[in-house]
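This briefing covers the surroundings of one ligand and the overall fold. The structure comes first, then the notes.

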Amino acid sequence: MSIKRIIITSGEPAGIGPDLALFLSTENWSHQLIICADKTLLSKRAQLLGIDVNLINYESNMKPIMQKAGSLIVDHIPLNDIVIAGKINPNNSCYVLNILEKAILGCMNNEFDAIVTCPVHKGAINRSGFSFSGHTEFLAEKSNTSLVVMMLSTKGLKVALATTHIPLSQVSKTLTKDKLEKTIRLLNRELIKKFRIKSPSIYVCGLNPHAGENGFLGREEVEMIIPTLEKIRQKYAINLIGPLPADTIFNDKYLKKADVILGMYHDQVLPVLKYKGFSRSVNITLGLPFIRTSVDHGTALEFAGKRKAINIKSLRTAIKYAVNLGENHLKI
Ligand SMILES: NC(=O)c1ccc[n+]([C@@H]2O[C@H](COP(=O)([O-])OP(=O)(O)OC[C@H]3O[C@@H](n4cnc5c(N)ncnc54)[C@H](O)[C@@H]3O)[C@@H](O)[C@H]2O)c1
Ligand SMILES: N[C@H](C(=O)O)[C@H](O)COP(=O)(O)O
């Protein structure tokens, strides 16, 4: 495999994102990792963590070479305001978004092979006046992609979402036949293309308790989900099972055969995935014109600057996926 150039966005500066990026300098990597962050922030955080690192300025004409332990290449984006580890400063939201925009642009014009994101604080960004519901939606908007699907993967389980970061009260009206059909078709395509699964088995959750109990506990299944699944089966021969009740779909009997479980909303499937594999999972945005993976956790503000407490496994997993997605030898 050729050496890949991966841009790593360091996320919320008061959170553990800069720390995670710095930990990468303690290992050798077979690819080139570029950290998008403020260089001074990284120096100060490195001191706090006791990491001895040589920070090298990124230049786009650099040769892609494997990264050696002891150094990090930094694509410098200046902070807007001071950073205290663990304390949110909404004045830096612009910095967080500038990092993402830089990385997206670089992926769109093939300067980078993939983007791996460290966590941002959605509340802080919104508090400073920007409407931001998540990387998934931001990446779709900035890359002019009409539909993306959020999927999280850990050993033995993949879950995908039909709706992402919206209030629970809006789930039912957001889920339409058209959206569900497009989501399933995109999920199927991407599992074939990126994961080399020949004929994916997609297990679909209902929305209501007990998948609506034939309409007695909610009508979305009979009116929207079942007809949509039936149409897709007939028209596209996609291997769909369900809708099944979300409380029993995570049963070994189904999981042995399922390539992915499609949930109707965020907290229907993510708690199960995170219970099974928190800190060893990866978040992947399917449908973008470039590869994007992310850690499975948030900003963990209380651990910023505290070396012993921070777990870096999810970032390692996210980098591994970013490198391997779409490759023939995929072993993930
Ligand atoms: N990829 C992302 O950008 C992303 C993902 C999830 C949550 N978030 C955001 O993060 C913020 C905080 O969310 P939260 O508190 O619900 O979740 P969180 O993942 O930050 O924290 C949950 C718990 O796990 C711990 N934890 C998380 N990551 C850890 C790590 N790498 N090492 C050790 N411990 C770790 C935390 O200390 C906390 O106890 C929110 O604004 C949320 O929206 C961002
Ligand atoms: N839904 C994700 C999770 O719970 O891990 C998280 O909020 C990050 O989503 P984005 O990648 O869209 O920011």
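UniProt positions are given in the numbering used here, feature names are shortened, and annotations may be inferred rather than shown by experiment. The model described below is predicted. Its UniProt entry, which is unreviewed, places the feature "binding site" at H135, T136, K274, N283 and R292.

**T136**
- T136 sits in helix α5, which spans residues 135-142.
- T136 is buried because it has 24 C-beta neighbours inside 10 Å, and the cut-off for buried is 20 or more.
- Leaving out residues up to four places away in sequence, T136 touches V148, M150, T164 and T285.

**N283**
- N283 belongs to strand β11, residues 282-286.
- With 25 C-beta neighbours inside 10 Å, N283 also counts as buried.
- Its contacts, again without residues up to four places away in sequence, are M150, L152, T293, S294 and D296.

**Overall fold**
- Eleven helices and twelve strands make up the secondary structure of the protein.
- The radius of gyration is 20 Å, which agrees with the value near 20 Å for a compact globule of 332 residues.
- Along the principal axes, the C-alpha atoms fill a box of roughly 60 × 45 × 35 Å.
- Of the 332 residues, 46% are buried.
- Among contacts with a separation of 6 or more, 73% join residues 24 or more positions apart.

Key. Residues are numbered from 1 along each chain as its sequence is written. Chains are lettered from A and ligands numbered from 1 in the order in which they are written. This is a predicted model: local features need pLDDT of at least 70, side-chain atom pairs count only at pLDDT 80 or more; totals for chains, interfaces and linings use all residues. Helices (H or I, at least four residues) and strands (E, at least two) are DSSP runs, numbered from the N terminus. A residue is buried if 20 or more other C-beta atoms lie within 10 Å of its own, exposed if 12 or fewer, and partly exposed in between; C-beta atoms are placed from the backbone. Two residues are in contact if their C-beta atoms, placed from the backbone, lie within 7 Å. The radius of gyration is taken over C-alpha atoms; the globule rule is 2.2 Å times the number of residues to the power 0.38.
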